[in-house]
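Subject: Handing over the model

Hi,

Here is the structure I promised to pass on to you.

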Amino acid sequence: MITKRRLLQSLAVSLCAPAAWAQQTSSPPARLGRASAAAATGAWPTQPLRILVGFPAGASPDLAARAIAEPLSKLLGQPVVVENKPGASGNLAADQVAKAQDGHTIGALINGNLTIAKLLNPATPFDPEKDFAPVGLIGTAPLVLAASGDAAGNTPAELLLWARNLGEKGKYGSPGVGTVGHLGMELLRARTSIAPQHVPFTGNPQVIAAMLAGQIQLALLPPGLARPHVVSGKLKAIGVTSPQRSPLFQELPTLREADVRGFDLEIWTALAAPASLPRPAIARLNAALGEVVASPEVQAQLLKAGWQGEAGTPQSLAYRMRSDTAQLGGVIMMRGIRSEA
């Protein structure tokens with residue numbers, strides 16, 4: 001059972017000790033399939049590599065995966081094929097990655113799959129902490145705290161005061177229970193004195209439509225979706241949730257600049273492999289990913305798809321997984337949030 005003590009222990013471990021994922025043995029297990037044995041000895045990959053994506057073609061995680069697939073293929077010497085396996089907010093693809101035994105199946109997964117999936121739904125068939133080997137980030141993005149166009153004020157401070165004055169009469173939208181847009185707003189409620197009530201929708205386009213129709217007043221939105229409506233004046237933007245200003249919305253201040261403390265939140269997509277994939281394969285894949293994401297061409301593609309290209313080490317991804325689990329897991333426990341997805 002997930003308890004508050006376990007969440008606190010998880011946060012403490014993430015801050016003070018190497019992540020469990022980083023402690024994988026470099027020695028191959030006694031029984032390995034042919035592909036895994038090749039991976040353990042460095043002769044990897046030996047066949048085409050599959051990247052599973054839990055969302056339809058054209059979705060932002062899919063675009064991120066396709067941005068890196070061809071250049072990865074050139075570096076690894078094998079075809080890299082992106083396969084879309086949509087369902088259960090990406091958890092269907094994540095489960096297939098966790099259970100893959102061929103040594104050549106990995107996933108382009110989002111933070112929800114790699115952190116809080118089992119906290120939201122104990123029936124989730126995989127454990128993010130135990131069943132994956134982090135490879136590296138592909139890209140990150142902040143969310144935009146947006147307000148309806150009739151919000152009183154123009155500066156972040158004025159708009160936050162307006163949001164506070166709404167009290168419980170205000171409403172905020174999200175693309176569903178347990179999404180980052182939902183949990184982020186609940187975290188914001190805990191960090192500030194705003195008190196809007198949650199209204200779930202089936203996706204961010206529906207959230208925006210409800211804001212434009214005056215049905216809700218607040219939402220955390222991806223920059224690419226928020227920007228056209230902010231520029232047109234139909235919505236107002238209070239700030240982005242990242243620690244620094246984002247190249248995806250350069251003119252917009254951070255919530256830190258609006259004196260909102262203890263609230264840094266980003267969405268991200270990353271490569272993860274089954275926990276059984278040996279370390280030499282993880283190391284080679286991470287090195288190739290880092291080279292690919294650092295290239296100006298891929299950076300431009302990712303930015304166009306709504307991502308800030310960012311790779312890093314398996315250890316840094318493991319740290320982010322742990323810290324995000326602790327941060328959002330605390331919100332889940334505090335609010336008693338559960339999802340069937």
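Below is what turned up, going from the whole chain down to single residues.

Before you start: this is a predicted model, where local features need pLDDT of at least 70 and side-chain atom pairs count only at pLDDT 80 or more, while totals for chains, interfaces and linings use all residues. Residues are numbered from 1 along each chain as its sequence is written, and side-chain values use heavy atoms, with hydrogens and water left out.

**The whole chain**

The chain has 13 helices and 11 strands; helices (H or I, at least four residues) and strands (E, at least two) are DSSP runs, numbered from the N terminus. Of its 341 residues, 53% count as buried. Here buried means under 20% relative accessible area, exposed means over 50%, and partly exposed is in between (1.4 Å probe, protein chains only). The accessible surface is about 14,700 Å², and 55% of that belongs to carbon and sulfur atoms. Those areas come from the Shrake-Rupley method with a 1.4 Å probe, and for residues only the protein chains shown count as cover.

Now for contacts, meaning heavy atoms within 4.5 Å. Among contacts in the chain with a separation of 6 or more, 76% are between residues 24 or more positions apart.

**The sheet and its helix**

Strands of a sheet pair through backbone hydrogen bonds, either parallel or antiparallel. For the counting here, two strands pair if DSSP finds at least two bridges between them.

Axes are lines fitted to C-alpha atoms, for helices over the stretch in contact, and angles run from 0 to 180 degrees between N-to-C directions. Lys74 lies in α3 and is exposed, with a relative accessible area of 66%. The C-alpha atoms of Lys74 and Ala288 are 9.5 Å apart, although 214 residues separate the two along the chain.

Strand β5 (residues 144-148) runs antiparallel to β9, and 5 bridges join them. Ser148 has Leu235 in β9 as its bridge partner. Why is β9 (residues 235-240) described as largely enclosed by the rest of the structure? Because 6 of its 6 residues are buried.

**Two helix pairs**

Two packed helices are described by the angle between their axes and the distance between the axes. Take α11 (residues 279-294) and α12 (residues 296-304): their axes are 5 Å apart, at an angle of about 75°. The two therefore count as roughly perpendicular to each other. The cut-offs are under 35 degrees for roughly parallel, over 145 for roughly antiparallel, 65 to 115 for roughly perpendicular, and oblique for the rest. In this contact, Val292, Val293 and Ala294 of α11 meet Pro296, Val298, Gln299 and Leu302 of α12. By class, that makes 6 nonpolar, 1 polar and no charged residues. Ala, Val, Leu, Ile, Met, Phe, Trp, Tyr, Cys and Pro count as nonpolar, Asp, Glu, Lys and Arg as charged, and the others, Gly among them, as polar.

The axes of α8 (residues 180-191) and α13 come within 10 Å and cross at roughly 80°, so α8 is roughly perpendicular to α13. The contact of α8 with α13 has 7 nonpolar, 1 polar and 3 charged residues.

**Single residues to look up**

- Ser339, in the segment after α13 (314-335), is buried at 11% relative accessibility. Not counting residues up to four places away in sequence, Ser339 touches Leu120, Asn121 and Val177.
- Trp44 and Pro45 are joined by a cis peptide bond, with omega about 0°. Pro45 is in the loop between α2 (34-41) and β1.
- Ser89, in the loop between β2 and α4 (91-99), has a positive phi near 55° without being a glycine. Ser89 is partly exposed at 44%.
- Asp259, in the loop between β9 and β10, has a positive phi near 65°, and is not a glycine either. Asp259 is exposed at 59%.

Happy browsing!
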